Amino acid sequence: MTHPIRLATLTTVVAVSLAACSSAQATDNASDAPDDLTPVTVVLDWTPNTNHTGLYLALANGWYEDAGLDVTVIEPGETSGLQLLAAGQADFAYSVAEGLLPARAAGADVVSLATVIEHNTSSLISLTSDGITRPRDLEGKRYGSYGSALEEAIISSLVACDGGDPALVEHTPLVSDDFRIGLTQDQFDVAWVMDAWDTIRLSDVDAMDVSTIAFRDWFDCIPDWYTPLIATSADQIAEHPETVRAFVEVTARGYGAAMEDPQAAADALMAAAPELDEALVTASAQWLADQYADAPETWGVQERATWEQFSQWLTDGGMLDGDPGVGEAWTNEFLPAQK
């Protein structure tokens with residue numbers, strides 16, 4: 001599952017080395033594509049997880065081939081998907097708004113085609129025994145941090161908005177992404193997690209007594225933003241608009257089907273990545289079925305206000321150096337027509 005902070009660190013760098021590009025792992029082989037199919041590549045933002053169920057369900061059902069596409073899935077290596085898009089080394093990529101906007105400001109002409117999840121599903125997680133139920137409860141607590149400016153801004157905004165003093169929150173470096181160990185070994189008191197994966201793992205699979213502060217309950221204090229999303233390059237849109245349309249329409253069909261049949265989505269992901277924890281995948285797919293969008297037919301739709309407010313918030317906080325051209329950073333043009 002994508003962690004927004006670590007991924008953003010990767011995606012803000014747009015310089016690309018071809019050697020680094022070769023570190024990405026393809027999980028399908030485009031060279032086997034029949035001659036009548038158009039080969040396209042899609043770079044994941046992390047190892048396969050339930051954020052990608054629509055992609056894998058569409059692949060399992062042969063819907064991309066039906067649309068004339070041969071899709072190669074690439075797991076990220078040292079080079080992020082946005083970097084590969086900017087270098088013309090990939091056709092589509094999973095990414096996040098906090099990576100895409102700085103990349104654009106730095107000169108990468110990358111464009112979001114669809115949001116995978118309608119709203120940000122991040123939370124702050126802690127042991128229930130620590131009594132952290134709202135942002136101001138973080139006073140005197142240790143936040144496990146990747147050390148990014150975005151984390152500092154989010155934590156400070158939440159605590160101050162709730163009447164607390166952000167200066168009383170201690171930021172301690174995360175040793176690893178294993179939040180279960182971090183919490184139970186008292187390495188930190190609270191950490192930023194993704195509900196669809198980390199929260200379900202700790203609460204449902206590991207049966208830990210944890211509490212969360214969901215970002216979506218505090219959108220009066222912090223902005224909503226798109227994480228993850230699916231992006232391409234402006235060059236790809238200009239040169240191959242029908243390929244972009246076919247890929248986005250089939251992907252939207254995949255996520256719509258994942259919403260209607262989360263068990264089928266979980267089965268498709270497990271078939272592609274059998275090393276995953278099946279109990280976690282099944283529970284996560286079920287939870288996300290109600291989070292991807294309000295309804296299957298509205299999957300992927302992005303709102304201008306969400307992009308503009310998040311971009312302005314980054315700028316005001318000194319986290320966006322330059323103009324990302326937010327109006328050209330996203331488009332709903334290639335999504336299926338709304339009924």
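In this predicted model, T331 is found in the segment that follows helix α14 (304-316). With a relative accessibility of 14%, T331 lies under the 20% limit and therefore counts as buried. When neighbours within four places in sequence are left aside, the residues in contact with T331 are V111, S112, L113 and Q302. The C-alpha atoms of T331 and V301 are 8.7 Å apart in space, while 30 residues separate the two in sequence.

Helix α6 (residues 97-105) is largely enclosed by the rest of the structure, because eight of its nine residues are buried. The buried positions of α6 are A97, E98, G99, L100, L101, P102, A103 and R104. Just after this helix, G107 adopts a positive phi of about 115°.

An open sheet is formed by five strands, arranged in the order β8-β7-β9-β6-β10 and with mixed pairing. From one strand to the next, the twist averages 40°. Helix α7 packs on this sheet and touches β6 (122-127), β7, β8 and β9, its direction making about 155° with that of β7. A further helix, α9 (residues 195-205), lies across β6, β9 and β10 and runs at about 120° to β9.

Strand β7 (residues 142-145) is covered on both faces. On one side R142 and G144 are buried, and on the other Y143 and S145 are likewise buried. In general, the strands of a sheet pair through backbone hydrogen bonds, in either a parallel or an antiparallel arrangement. The pairing of β7 with strand β8 (residues 170-173) is parallel and extends over four bridges. Within this pairing, R142 has E170 of β8 as its bridge partner, and S145 stands opposite P173. Strand β7 also runs parallel to β9 (residues 190-194), to which it is joined by two bridges; here Y143 stands opposite V190. Together with helix α7 (residues 149-161), strands β7 and β8 make a right-handed β-α-β unit.

The sulfur atoms of C161 and C221 lie 2.0 Å apart, and a search of the whole structure finds one disulfide. The torsion about the S-S bond is about -60°, so the disulfide formed by C161 and C221 is left-handed. The two cysteines fall into separate accessibility classes: C161 has a relative accessible area of 42% and is partly exposed, whereas C221, at 17% relative accessibility, counts as buried.

How values were computed
Residues numbered from 1 in each chain as written. Predicted model: local features only at pLDDT ≥ 70, side-chain atom pairs only at ≥ 80, totals over all residues. Heavy atoms only, no water. Buried < 20%, exposed > 50% of the residue type's maximum accessible area, 1.4 Å probe, protein only. Pairing = 2+ DSSP bridges. Right-handed = clockwise from strand over helix to strand, strands pointing away. Axes fitted to C-alpha atoms, helices over the stretch in contact; angles between N-to-C directions. Contact = heavy atoms within 4.5 Å. Disulfide = S-S within 2.5 Å.
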